[in-house]
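Hello,

Please find the structure below, with my notes after it.

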Amino acid sequence: MSQATSQTLFQKIYASHVVGKLNPSTDLLYVDRHLIHEVTSPQAFSGLKLANRKVRRPDLTFATMDHNVSTQRRSLDAAGETSRKQLEALAANCAENRIPLLDLTHPDQGIVHVIGPEQGLTQPGMIIVCGDSHTSTHGAFGALAFGIGTSEVEHVLATQTLPQQQAKTLKVEINGELSAHVTPKDVILAVIGKLGTAGGNGYVAEFCGSAIRAMSMEGRMTLCNMSIEMGAKAGLIAPDQITFDYIKGKAHAPAAEHWDAAVQYWQSLYSDADAVFDKVVEIDAASITPQITWGTNPEQVIAVDQAVPAPDSFSDATKRDAAERALAYMGLQPGQKLTDCKVDVVFIGSCTNSRIEDLRAAASVVQGKKVAAGVRALVVPGSGVVKRQAEAEGLAGIFKDAGFEWREPGCSMCLGMNDDRVDAGQRCASTSNRNFEGRQGRGARTHLVSPAMAAAAAIAGKFVNIAAVNEKGDRA
Ligand SMILES: CC(C)[C@H](C(=O)O)[C@@H](O)C(=O)O
Ligand code: SF4
């Protein structure tokens with residue numbers, strides 16, 4: 001029963017990174033990779049300078065520009081003065097400290113959680129941190145990856161280590177086959193709907209089961225990306241052949257002569273069969289349907305053909321109040337069907353759903369059709385790599401012919417930090433991960449959906465039950 005003989009994947013990675021004990025419950029962990037972007041790094045660099053310290057391992061630090069960039073044109077000042085200052089500060093700090101940076105002139109620039117895996121920076125068994133909550137995305141590779149605050153960013157820059165307390169372990173086991181039109185986005189929304197936005201508090205969530213094994217790396221990243229939305233510290237998936245095949249040949253992947261040894265180590269990264277988790281949740285993949293959020297947190301989610309719930313249907317008083325407030329903000333009535341709701345804006349992008357597979361799924365719905373009159377629709381690839389591939393595959397042409405805007409890479413309309421916003425009162429079908437009040441702009445009404453559902457909404461001008469769309473794309 002000792003932990004040494006039987007460990008979860010999280011415990012294995014954690015234990016192998018302890019370099020010191022600060023007090024009985026706090027360990028000092030070694031950090032393998034530190035990703036940075038313009039929003040949460042400037043004060044950290046200032047703090048470092050004030051303390052007269054240097055970046056200890058610029059070679060393990062990697063930067064990109066994403067939140068504040070304009071995806072309409074490649075210019076540092078295109079998203080306004082504040083954005084320009086943030087981006088210039090990042091560029092100056094990286095230059096001064098010799099930190100590699102994907103800036104706006106770099107062909108691979110993109111969202112931090114898209115570029116890490118693409119560049120081969122994200123590898124199994126690593127501890128990866130970034131001053132960004134969706135760092136959980138990288139857990140899809142069997143890396144322990146989590147977001148940190150700005151003072152922690154400074155600590156990692158200075159020491160390449162981080163004080164941590166061991167989290168509890170949550171196993172989310174999803175077995176069986178997903179139905180047609182049900183995507184990893186629907187899976188994670190359904191999991192959050194079931195566990196709630198606080199269901200993962202204090203836990204690192206490991207996703208396993210046959211439905212996960214069948215998922216591509218893109219799908220696994222979507223799943224881990226949103227594990228933070230149920231409060232989990234990180235999401236984790238044991239690496240397998242699909243993981244190794246994805247990493248092989250990437251710029252920062254282990255070199256050919258080290259590859260076999262790396263894979264051999266990576267193959268030891270799984271939860272032992274008799275490892276004990278603090279909490280276990282089992283879900284039947286076949287029970288999951290296409291999902292859509294109706295409220296202002298990702299837990300306020302229903303199957304797309306369900307009616308919007310009445311606040312009275314929640315037995316918990318806090319949830320009842322939250323539902324009431326959410327319905328008022330969202331301009332919805334209990335009992336209403338979202339498939340009767342018009343959309344004003346469609347945003348396909350963000351670190352949740354801006355990878356090539358997401359764009360393929362959206363393009364297959366859009367092909368040969370037109371965006372409905374009065375709908376503003378945009379596709380924002382997650383990185384230059386995704387953009388080029390989508391253009392080479394003809395996906396960009398499909399979107400443009402249909403009337404979508406085809407953008408440069410960045411966070412864009414996922415949050416109101418650049419020149420893309422949803423206007424007050426407008427309803428947006430969004431493939432991103434957060435639907436908080438004002439997230440996409442003051443008064444904006446966000447509905448989180450999969451790329452295929454977002455694409456279908458753009459064409460129909462209202463939400464559509466994607467499961468009721470037949471092969472030819474007509475609604476049954
Ligand atoms: C700006 C950044 C700190 C923030 C995060 O931590 O997630 C952003 O990426 C978000 O998605 O809200
Ligand atoms: S795309 Fe959205 S969720 Fe992802 S890092 Fe950018 S702002 Fe955060």
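A polar side-chain atom of His-134 lies 3.5 Å from an oxygen atom of ligand 1. This is a predicted model, in which local features need pLDDT of at least 70 and side-chain atom pairs count only at pLDDT 80 or more, while totals for chains, interfaces and linings use all residues. Residues are numbered from 1 along each chain as its sequence is written, chains are lettered from A and ligands numbered from 1 in the order in which they are written, and side-chain values use heavy atoms, with hydrogens and water left out.

Taken alone, ligand 1 exposes 320 Å², and the protein buries 81% of that (areas by the Shrake-Rupley method with a 1.4 Å probe). The residues around ligand 1 (a heavy atom within 4 Å) include Val-39, Thr-40, His-67, Met-417 and Arg-439. This shell divides into 2 nonpolar, 5 polar and 3 charged residues. Here Ala, Val, Leu, Ile, Met, Phe, Trp, Tyr, Cys and Pro count as nonpolar, Asp, Glu, Lys and Arg as charged, and the others, Gly among them, as polar.

Around ligand 2 are, among them, His-113, Ser-350, Cys-351, Cys-411, Cys-414 and Asn-433. That shell has 4 nonpolar, 5 polar and 2 charged residues.

Strand 15 runs parallel to strand 16 (residues 376-379), joined by 4 bridges (strands pair if DSSP finds at least two bridges between them). Ile-348 has Val-379 as its bridge partner in strand 16. Strand 15 also pairs in the parallel sense with strand 18 (residues 427-430), over 3 bridges, and Val-346 stands opposite Ala-429 there.

Which residues other than glycine have a positive phi near 60°? Asn-52 is one, and Gln-160 is another. Asn-52 lies in the loop between helix 2 and strand 4 and is exposed, at 72% relative accessible area. Gln-160, in the loop between helix 5 and strand 8, is buried at 2%.

Regards

Definitions and conventions: Polar contact = N/O pair within 3.5 Å; in protein donor to acceptor, adjacent residues only side chain to side chain. Helix = DSSP H or I, 4+ residues; strand = E, 2+ residues; numbered from the N terminus. Buried < 20%, exposed > 50% of the residue type's maximum accessible area, 1.4 Å probe, protein only.
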